[in-house]
Amino acid sequence: YRAGFIVSEADIAQRRREYFDPYHEAIEAEIARLRASHSAIVLYDCHSIRSVIPRLFDGALPHFNIGTNSGASCAPALQMRIEEICRQSGLESIANGRFKGGFITRAYGNPGEGVHAVQMELACRAYMREPIPDVNESNWPSAYDSAYATQVRDVLTAILSACLTFAGHNLSSTG
């Protein structure tokens, strides 16, 4: 919010009712639907973030920031496979660094019950020509460049394929 703007308790409650609660009810319903017919599912929660945000962290984020709640939200085999794909890309990656997994990962990841959750914070420079370090209203957001995004699109496709393979092979929740 802009400096000086204050959100009232009533506004917070209304936003929770209108956005947060229905969103999470939909996630819960989809998990239940999938678990009714699959012994293992993967919830892949992917976001993007500017690569450099001095008010939040020093330096630039790795391209791929994998979060599994320090390994608690998915089977080790799934995390290792995602890490391997990221390493093979030649782009920078880290697991459970600055981003260990947000609310969705922590709330829904339960490998013992067959729900494997992974968060991916994707640094914007992985798929767009990010104006580092001089981001401002006149140059942000950058235009999408399909050719520039090819490499990361291919990596994400490989990761999602690996998630489907993992779930399809019904790997053990600990393996």
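These legends go with close-up views of a pocket and of salt bridges in a predicted model. Local features are kept at pLDDT of at least 70 and side-chain atom pairs only at pLDDT 80 or more, while totals for chains, interfaces and linings use all residues. Residues are numbered from 1 along each chain as its sequence is written, and side-chain values use heavy atoms, with hydrogens and water left out.

**View 1. The largest pocket and its volume.** The largest pocket holds about 170 Å³ of space. Here a pocket is an open set of points on a 1 Å grid over the protein atoms alone, where a 1.4 Å probe fits and protein lies on both sides within 12 Å along at least five of seven lines. Points are joined across faces, edges and corners, and the volume is the space filled by probe spheres set on them.

**View 2. The lining of the largest pocket.** Residues with an atom within 4 Å of a point count as lining; here they are L34, H38, A40, I41, V42, Y44, L160, C163, L164 and A167. Strand 1 (41-49) and helix 4 (146-168) are the elements that give two or more residues to this lining, and helix 4 supplies the largest share, four residues. Both kinds of element are DSSP runs numbered from the N terminus: helices are H or I with at least four residues, strands E with at least two. By class, the lining has nine nonpolar residues, one polar and no charged ones. Nonpolar covers Ala, Val, Leu, Ile, Met, Phe, Trp, Tyr, Cys and Pro; charged covers Asp, Glu, Lys and Arg; the others, Gly among them, are polar.

**View 3. The salt bridge of D21 and R16.** Five salt bridges are found in the structure, each a side-chain nitrogen of Lys or Arg within 4 Å of a carboxyl oxygen of Asp or Glu. In this one, the side chains of D21 and R16 meet at 3.5 Å, N to O. D21 is partly exposed at 26% relative accessible area, and R16 is partly exposed at 45%. Buried means under 20%, exposed over 50% and partly exposed in between, with a 1.4 Å probe and protein chains only.

**View 4. The salt bridge of R33 and E30.** The N to O distance in this pair is 2.6 Å. R33 and E30 sit three residues apart in helix 1 (residues 9-35), so about one helical turn separates them. E30 is partly exposed, with 35% relative accessibility.

**View 5. The salt bridge of E84 and R81.** These side chains meet at 3.2 Å, N to O. E84 and R81 are three residues apart in helix 2 (residues 76-89), which means a separation of about one helical turn. E84 is partly exposed at 32%, and R81 is partly exposed at 35%.
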